[in-house]
Amino acid sequence: MRVPEKGCVLCEATWGDYWDEVEGQRMFFCCDICAVEFKNMIREVIARTGWESIDEIKIDGDYRGRDCIALKGDKRYGFFVRFDSKGQVQDLNDRPITGARVEPQKSKAV
Ligand SMILES: [Zn+2]
């Protein structure tokens, strides 16, 4: 999976020093909560999409909720996710890509 070059995979904070393994890959997180949230989110996205893995997740937002786009090859899955205080997924709603605040690269004109 492609992850940001620096900073926490989930929230991009550059402080902290927490490493965890997600889908067999070592990733940097600022804290254990972000790691738990990210792992729960990955698990949920894989369950919903039926993908074997995810190439990349673009994340925008904060603790109140995050707009995300998961990428796998040329497939995209847009969703909005919120976590509870323990890092469990509270809501995960499908969201059309166009309605998401993070815009993927414009696809070719029709
Ligand atoms: Zn974080």
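Predicted model: local features only at pLDDT ≥ 70, side-chain atom pairs only at ≥ 80, totals over all residues.

Student: Where does α1 run, and how many residues has it?

Tutor: α1 covers residues 32-49, which is 18 residues. From first C-alpha to last, the helix reaches 26 Å, close to the 26 Å expected at 1.5 Å a residue.

Student: Which residues in α1 are buried?

Tutor: C34, A35, E37, F38, M41 and V45 are buried. They lie on the same side of α1, because the arc they cover around the axis is only 165 degrees.

Student: And which exposed residues are on the face turned away from that side?

Tutor: That face carries D32 and A47, both exposed.

Student: What covers the buried ones?

Tutor: The cover includes the strands β1 (18-22), β2 (25-29), β4 (65-72), β5 (75-83) and β6 (89-94).

Student: Switching topic: what follows α1?

Tutor: G50 does, and its phi is positive, near 80 degrees.

Student: Back to A35. Why does A35 count as buried?

Tutor: A35 has 22 C-beta neighbours inside 10 Å, and the cut-off for buried is 20 or more, so A35 counts as buried.

Student: Which residues does A35 touch, leaving out those up to four places away in sequence?

Tutor: On that basis, A35 touches Y18, D20 and F29.

Student: How far apart are A35 and L10 in sequence and in space?

Tutor: In sequence, 25 residues separate A35 and L10. In space, they are 7.7 Å apart, C-alpha to C-alpha.

Conventions:
Residues numbered from 1 in each chain as written. Helix = DSSP H or I, 4+ residues; strand = E, 2+ residues; numbered from the N terminus. Expected span 1.5 Å × (residues − 1). Buried ≥ 20, exposed ≤ 12 C-beta atoms within 10 Å, placed from the backbone. Arc of directions from axis to C-beta. Contact = placed C-beta atoms within 7 Å.
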